[in-house]
Structures are given as C-alpha cells and as structure tokens.
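Dear colleague,

Please find the structure below, followed by a short account of what was found in it.

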Amino acid sequence: MSPKMGQKLTDNPKDKRIQIRMDSETLDKLDCLVAEQNSDRSKIIRQGIEIQYEKREKE
C-alpha cells in the first residue's frame with residue numbers, strides 16, 4: 001500500500017520532540033534569523049547545533 005497523499009518520505013524523519021525555555025531577547029533574535037532566512041525555528045536551531053558540533057570537532 002502506498003503512503004497517504006501529501007505524506008513526505010524521508011530517510012531522516014524528525015520524530016523526536018524537545019521543549020526549551022528562553023528569554024524574550026533570545027526569542028527575538030531567533031525570530032529575526034527566521035525572517036531573514038525565510039526558514040523556521042526548528043531549522044535555525046538545528047543549524048546552530050551543527051555549527052557548535054563542527055566547532056567541537058575542530059578543537
């Protein structure tokens with residue numbers, strides 16, 4: 001049977017959920033990046049994690 005209409009198939013499903021707390025200033029910065037990059041909050045946060053991880057590997 002084929003997947004439902006409109007359902008995207010992916011090799012890396014985003015099925016884990018986390019919740020964070022942040023202050024208004026940090027949220028404003030995040031939303032600014034979202035608007036500039038025409039992206040969403042989750043993508044920006046994942047990019048930040050990748051940057052930190054790559055930085056860690058260089059040290």
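Helix α2 has 18 residues and should span 26 Å at 1.5 Å a residue, which agrees with the 26 Å between its end C-alpha atoms; the expected span is 1.5 Å times one less than the number of residues. Helices (H or I, at least four residues) and strands (E, at least two) are DSSP runs, numbered from the N terminus. At the start of α2, the backbone nitrogen of Ser42 has a side-chain oxygen of Asp40 within 3.2 Å.

This is a predicted model: local features need pLDDT of at least 70 and side-chain atom pairs pLDDT 80 or more, while totals for chains, interfaces and linings use all residues. Residues are numbered from 1 along each chain as its sequence is written, and side-chain values use heavy atoms, leaving out hydrogens and water.

The protein has 2 helices and 0 strands. Of its 59 residues, 5% count as buried (under 20% relative accessible area; exposed is over 50%, partly exposed in between; 1.4 Å probe, protein chains only).

The whole structure contains 2 salt bridges (a side-chain nitrogen of Lys or Arg within 4 Å of a carboxyl oxygen of Asp or Glu). One joins Asp31 and Arg41, at 2.9 Å from N to O. Asp31 lies in α1 and Arg41 in α2, so this pair ties together parts 10 residues apart in sequence. Asp31 is partly exposed at 30%, as is Arg41 at 42%. In the other, Lys29 pairs with Glu25, with 3.6 Å between the closest N and O atoms; both lie in α1, 4 residues apart, about one turn of the helix, and both are exposed.

Kind regards

Conventions: Polar contact = N/O pair within 3.5 Å; in protein donor to acceptor, adjacent residues only side chain to side chain.
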